[in-house]
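This report considers a residue in a strand and then turns to salt bridges. Please keep the structure in view while reading.

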Amino acid sequence: MHTSTKLRIPTSQQQQLDAAIMDGAHRSPAARPPAPPRSKMKLLLLVIATNLVSVYLFSGASLSLRLPAGAAAPSIHLWDSSALLRDLGATRAALAAARAEVAALRAQCNASSLLLESVLAGLGAAHGDKPAAADRGFDGWPEEPTGELRLATEPHRLPLGFSAKLGTDELHPGVGFACRNFQDELARYMAYDAGGECPDDADALELQLILKGCEPLPRRRCRPRSPARYVEPAPLPGSLWSIPPDTTVNWSPYACNNYTCLVGRARARGGGGGSYECKDCFDLAAGGKERRRWMSDNGGPGFSIDGVLASRAPGTVRVGLDIGGGAGTFAARMRERGVTVVTTTLDVGAPFSAFVASRGLVPLQLSLAQRLPLADGVMDIVHAMQLGGWVPGAVLELALFDVYRVLRPGGVFWLDHFACVGPRLNDTYAPILDRVGFRRLRWKASRKLDLGAERNEWYLSALLEKPLT
């Protein structure tokens, strides 16, 4: 409760003041004589004295007022300096304690932030809630890769952090998913001395893995051995139809150890005593089978290059792709006509890629199961001669849609000698080609009799256009 204190004036002084006031009240202003200077002085002194007495009474009583803010509110001492100093000291101590507590909380927050940052860095949660590259598990691998294989297959952090251009903060090496199914072979392929020379069996292992679907292969940090006594290639255009020196190739992965052996396969009775990929491809002699390819139209599935180019507007066929192009003869013929063609090939039984390059053409090591490494709508023509009924239907359809993708509007797909069993031609493969969306420009089917008529095999050659709209 508040304590109220009234100012008490002595009785004698109060009676004098009352008498003076009553006397002045009964006199009229006209009859009231002017107050002498001494009376004014007395009155002034009386007021001063009264104020002094009031001050004395208040200060002597040591009164204190408390704020009605509850038990926690501090006492405010108006006239007791020692109490005020005590309260100020207590307040100062409380502020110091609060400041120390704030500093402790700030330290805890900083520690928590550092811990959170380390956790986020470890989990890669900043952009995708994925584990960090160094700590990531290799799901799908029979065993966790080690050494060079791990280095080439695990993601790596970008030095500058998250890239808006890439949409990630780490770079993932492009390694075929099927590689996980052949980890033993892949581990042997990746076994080498970093910075040294690649093992001699690297080419054979590489081909085995690609044929099994392990594509693309991981990069390696070794140098392939160059052929001994390497000879510079022949200049164009003579290189298109000349066989390069044997010293341009490492022959260790192959049964033949020179080009003479490869050419002899085509000329030997029975194809050289074995089954080989494109056994005629390396015979570039004038009048040979390879030199006659695509030079004339037989009215059946054998189309000619000049006939196909004549069906297009002059100069509109400029760049193309030959899928499964063997030794590159199709690309060589197109180059003679001012068309640049890239040849996809694999070194199955022979150094096809080196042979294509020696002719002054561009080889591309790529299997049929791999997506074409080309942008959409960039090819004027795509030629394919290695497709056939040996390809699973789903794989074939995916490959044909990929061909459609890379062709420009108005571009043409030349399906050359597609071999299959007769009933499947109309039941399976023709509907697939129609689903892709090509427009038929030319369509020729004929019996394939080289292995006997009883097999009921057929060839299909077709010229198909990607619609303009």
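Predicted model: local features only at pLDDT ≥ 70, side-chain atom pairs only at ≥ 80, totals over all residues.

With a relative accessible area of 3%, Thr-344 is buried, because buried means under 20%.

Leaving aside residues up to four places away in sequence, Thr-344 touches Leu-321, Asp-322, Ile-323, Gly-324, Gly-325, Gly-326, Leu-364 and Leu-366. With one of these residues, Gly-324, the distance is given atom by atom: a polar atom of the Thr-344 side chain lies 2.8 Å from the backbone nitrogen of Gly-324.

Arg-442 lies in strand β8 and Asp-297 in the loop between α8 and α9, so the pair ties together parts that are 145 residues apart in sequence. Arg-442 is partly exposed, at 27% relative accessibility, and Asp-297 is partly exposed at 35%.

## Arg-337 and its network

The side chains of Arg-337 and Asp-306 meet in a salt bridge of 2.7 Å, N to O. Arg-337 is in the loop between α10 and β4, whereas Asp-306 is in helix α9, so this pair ties together parts 31 residues apart in sequence. A network of salt bridges links Asp-306, Arg-333, Glu-336 and Arg-337.

## Asp-376 and Arg-405

Asp-376 and Arg-405 also form a salt bridge through their side chains, at 2.8 Å from N to O. Asp-376 is exposed, with a relative accessible area of 52%, whereas Arg-405 is buried, at 15%.

Notes
Residues numbered from 1 in each chain as written. Heavy atoms only, no water. Buried < 20%, exposed > 50% of the residue type's maximum accessible area, 1.4 Å probe, protein only. Polar contact = N/O pair within 3.5 Å; in protein donor to acceptor, adjacent residues only side chain to side chain. Contact = heavy atoms within 4.5 Å. Helix = DSSP H or I, 4+ residues; strand = E, 2+ residues; numbered from the N terminus. Salt bridge = Lys/Arg side-chain N within 4 Å of Asp/Glu carboxyl O.
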